[in-house]
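Please take some time with the sequence and the model shown below before reading on. The explanation after it is meant for someone meeting this structure for the first time.

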Amino acid sequence: MASVLRVLFAALMTVTVSAIASAQQSGAEVPATTQPEVQQPAPAPVIRQILVEGNQRVEADTVLSYLLLQPGQPFDTRLVNLSIQTLMATGLFSDVQFEDRGQIVLVRVQENPIINRVILEGNSAIDDEKITDEIQAQPRAIFTRSRVQSDVQRIIEVYRRSGRFAATVTPKIVEQPQNRVDLIFEISEGPVTGVRRINFIGNESYSDRRLRRELVTRESRWWRFFSSNDNYDPDRLEYDRELLRQFYSNQGYANFRVLSAVAELTPDQRDFYITITIDEGEIYNFGEVTVSTEIPDLNPEFLQAILPVQQGDLFQGQLIEDSIDALTFSAGASGYAFVNIRPLSQRNREDRTVDVEFVIDEGPRVYIERIDISGNTRTLDQVIRRELDIVEGDAFNQVLIDRSRNNIRRLGFFEEVEVEETPGSAPDRARVNVAVTEQPTGELAFGAGFSSTDAFLIDLSISERNLRGRGQFLRFRISASSNRESLDIRFTEPRFLDRNLAAGFDLFRVNSDFLSEASFQTESTGASLRLGFPVTASTNLQLGYTYRTDNVLVYTSASSALLNQAGSRATSVLTYTLNWSRLNDPIEPSNGYRLQFTQGFAGIGGDVRYVRSEFNGAIYRPFFPGLLGNDVVASFTMNGGFVLPWGGDSVRINDRFFKGGNSFRGFEVAGIGPRAVSRDATTGELIRGDALGGRLYAVGALEVSFPLGLPEQYGVRGSLFTEFGTLGMLDSADQVDEATNAVFTVDDLALRASAGLSIFWDSPFGPVRFDFAQAFIREDYDRAEFFRFSTRTGF
């Protein structure tokens, strides 16, 4: 073998020497050394097959569909990296690897586990459903660590919204067979983080107490255990900023600003101090108010005349919104349902006025193609649809849509109401989606109370405001006190005959004992029908018919003026009531007025004939608003009534008016008015007997309510008042002359008046009222009362 190698080497050298010699003879330059040739990289092998390993639930074809490499292509590392990113983005895999085996590529995958169960541990303050509705992790869903961390933050946010800022969540994983896991969230809820105090800086016109009433957030108090509004919530605080802006805007403060709203944790880390810094600015009035439009059929002068805002009025942001509503409806009545109304305002700092120009432009025509309602698992669709001011095919009108949403919310059946507009099948079509979240509408209430008049009283009622999901109201109520027992059933259909008519009926039985005021008892049993409908935005009319039987039981020791009242009578009466209210707040008004007139006609059937008319009204105004803000309110109320018999009848005692107690402070119940009396034979003084009531009364009151300077959380307010009025006018048949009887009647329509102090306490047990009054104009036979106490609570 070695000899053969030597022979080959010798031959190679001979050939090399010969080549060099030939090159020299031809004059070619021979380099001293020779360079080796550069080797070109070998081409990548063509992929013949791609295999998948490690998949358990995901099909191999599914994995291959995400790859950018395909058989027949050369192996490319750039495409491999892109394929790995694509597979990981699906969320199905926790790891992906590629292995190049020449003409075969192996894809190894490791699948993410499947969630077998989601378990919540340690949550007692918040139900499981409320948490699971917020998180992404669900049984049979893909488990990924990023989603788990996201769910942890969502759970913490749920607890933050409920006022628990110290809550912590620890996720744990328990592996199960077949690549499944149990996901456990261990929750440490921590204490409730409440609101210890809400302070305001910069408020000069309104006290802290008054501004707190405008906020949803409340200060934490031990009796607010059923409410979560006293827990600190940053989102709720942002909403409170908007409420403050609306409040000041409606009081004339056009430049009002909320400079900051800061929440600071107390040193014990259990509560927050909230400090809201505001800049009230100055009070503005409306300056020049104009309307401009290029639409030929709209008269700007007419539109300006129908505006609810006029020059010189106090600036109110709500009036601008009301003006836009009025202009939108007026334009729609003229055939222009698609208008854009832009209020342009300019503030004049010199004279503190705001000029407003309402610019009306014709907008694009869009029609409502379809209205979808979702979320109403119990309430029927028609109950919601009848509250809508729009129907399918109508012109799209945002004002009507907003009003429809308020109508649905006013039902009180839903916790949330959202109305969303989405594009329709064409550019001039739109869909309206109404999403509601239902809330409980049934109520079982038990009330107990005490008053100086009724002593102990008990009240039990069962009611349903959305009967069978039809929006109907049904109530069964039983109440009893020392001198009154009643049972009634009430039913109301809010949309009778699918019209804006509220119809209903009442069945009742009432037993009243007037032994302490007069020597008689009454037993009333009957039924009534009701029908009500709005006349305008601020007025409504109610019609009613009542049929009842009244049995009057008179004690044998009663005066002759009462003895002729005994017996049973049937009463058939038609009534109507007109209400007109322009109050700024229906519960605690500080501005505006309300009026009510009721009239009943008895005698269309039955045994009793009379015409009964009653009027009551009230006016509320802030007392020195520039100095005291709206915390001090002055009011004037006036009540009056008159019963006129006809057909030769006289007015029975159970149909007369009795005043006193809460209806005339400073006097006992039935403490004023006509009375049966006798005269002391020695002194000649009148001795009080039974109260007889009267056919005519008129009672007025002047009152100034104010805070007592105590912290708002005590809920204590006071008022100074004076009341004045009269009651009397018995029928001649019911009067007994002193000359013919030792027990006679007095009826002189004399003026009575009282003055005093009332204290109102919104206690944890219910509203409590203390009245201290002195009757300074009275008759000798009246029953005066210096102190009165009453309360009521429900649970």
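This is a predicted model: local features need pLDDT of at least 70, side-chain atom pairs count only at pLDDT 80 or more; totals for chains, interfaces and linings use all residues.

We may begin with strand β6, which covers residues 180–188 and pairs with strand β4, residues 114–121, in the parallel sense over seven bridges. Within this pairing, Ile114 stands opposite Arg180 of β6. Strand β6 also has a partner in β5, made of residues 168–176, and here the two run antiparallel and are joined by nine bridges. In this second pairing the residue of β6 that stands opposite Pro171 is Phe185. Strands β5 and β6 form a hairpin with three residues between the strands, and in this hairpin Gln178 takes a positive phi near 60 degrees.

Strand β27, residues 675–679, is joined to β31 by four bridges, and among the residues involved, Ala676 has Thr745 of β31 as its bridge partner. As a general point to keep in mind when looking at any such sheet, the side chains of a regular strand alternate between the two faces.

The next topic is empty space inside the model. Rolling a probe the size of a water molecule over the atoms shows where empty space is left. When the whole structure is searched, two cavities of 30 Å³ or more are found, and the second largest cavity has a volume of about 50 Å³. The lining of this second largest cavity includes Gly661, Arg665, Phe667, Asp771 and Glu785. By class, its lining has four nonpolar, two polar and four charged residues. Two strands, β33 (766–777) and β34 (787–794), each supply at least two residues of the lining of the second largest cavity.

Glu723 is found in strand β30, which covers residues 716–728. Is Glu723 buried or exposed? Glu723 has a relative accessible area of 5%, and because buried means under 20%, Glu723 is counted as buried.

Key
Residues are numbered from 1 along each chain as its sequence is written. Side-chain values use heavy atoms; hydrogens and water are left out. Two strands pair if DSSP finds at least two bridges between them. On a 1 Å grid over the protein atoms alone, a cavity is a set of points where a 1.4 Å probe fits but cannot get out, and a pocket is an open set with protein on both sides within 12 Å along at least five of seven lines; lining residues have an atom within 4 Å of a point. Grid points are joined across faces, edges and corners, and a volume is the space filled by probe spheres set on the points. Ala, Val, Leu, Ile, Met, Phe, Trp, Tyr, Cys and Pro count as nonpolar, Asp, Glu, Lys and Arg as charged, and the others, Gly among them, as polar. Buried means under 20% relative accessible area, exposed over 50%, partly exposed in between (1.4 Å probe, protein chains only).
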